[in-house]
Amino acid sequence: MSTSKFHVTQDEPHRWRNVEELVYKDEDGDATFKDVTRRVLFGEEHQEGMEVRYFEVDAGGHTTLEKHEHTHLVIPIKGKGSCLVGDEVLPLAIHDLVYVPSWAWHQFRAAENEVLGFLCMVKVKRDRPTLPTAEELAEMKSNSEVAAFIRS
């Protein structure tokens, strides 16, 4: 099999040759999540200023509830789940398109019995996430649908 700096093959579905599986959040802090990994598919080495990552959330798992200035462009490519964007809880299926705007609270969850895998495009240079304060969390939970969805 040939190797090229322009082409990376998969060794198996959603596992790219020489692309390392990383811990979802490797920084210290109070961020909560459950059963999530990430892989950086395109990043700083491409100089265009965009990073494409692949996240995989195990069945019943979830990402951190957070917001930040930068936007996300998300495309599920494996399994099923749902997400919170702002004050909307949205079902997710393969090839849906999800736009997470600047400063919108968001969280992604896998279905209880299915792994959720999604591509996420962001700017390489971006701000750090903000976690909700107790007051912000209480405000979000005033919406019963959001309260039933979020994990913190």
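**Reading salt bridges, rings and burial**

Modeller: The structure holds four salt bridges. A salt bridge is a side-chain nitrogen of Lys or Arg within 4 Å of a carboxyl oxygen of Asp or Glu. This is a predicted model, where local features need pLDDT of at least 70, side-chain atom pairs count only at pLDDT 80 or more, and totals for chains, interfaces and linings use all residues. Residues are numbered from 1 along each chain as its sequence is written, and side-chain values use heavy atoms, with hydrogens and water left out.

Biologist: Is Glu51 buried or exposed?

Modeller: Buried means under 20% relative accessible area, exposed over 50%, and partly exposed in between (1.4 Å probe, protein chains only). Glu51 is buried, at 9%, whereas Arg126 is partly exposed, at 31%.

Biologist: Where do Glu56 and Lys78 lie?

Modeller: Glu56 forms a salt bridge with Lys78, their closest N and O atoms being 3.2 Å apart. Glu56 is in strand β5 and Lys78 in strand β6 (residues 72-78), so this pair ties together parts 22 residues apart in sequence. Glu56 is buried, with a relative accessible area of 6%; Lys78 counts as partly exposed at 24%.

Biologist: How many aromatic pairs does the structure hold?

Modeller: Rings of Phe, Tyr and Trp (its six-membered ring) pair if their centres lie within 6.5 Å; planes under 30 degrees apart count as stacked, over 60 as edge-to-face and the rest as tilted. The structure holds two such pairs. In one of them, the ring centres of Phe55 and Phe118 are 5.4 Å apart and the planes are at 25°, so the pair is stacked. Phe55 is in strand β5 (residues 50-62) and Phe118 in strand β11 (residues 116-123), 63 residues apart. Both Phe55 and Phe118 are buried. Together with Phe108 they form one aromatic cluster.

Biologist: How many disulfides are there?

Modeller: A disulfide is a pair of cysteine sulfur atoms within 2.5 Å. The structure holds zero disulfides. Cys83 is buried, with a relative accessible area of 0%, and Cys120 is buried at 3%.

Notes. Helix = DSSP H or I, 4+ residues; strand = E, 2+ residues; numbered from the N terminus.
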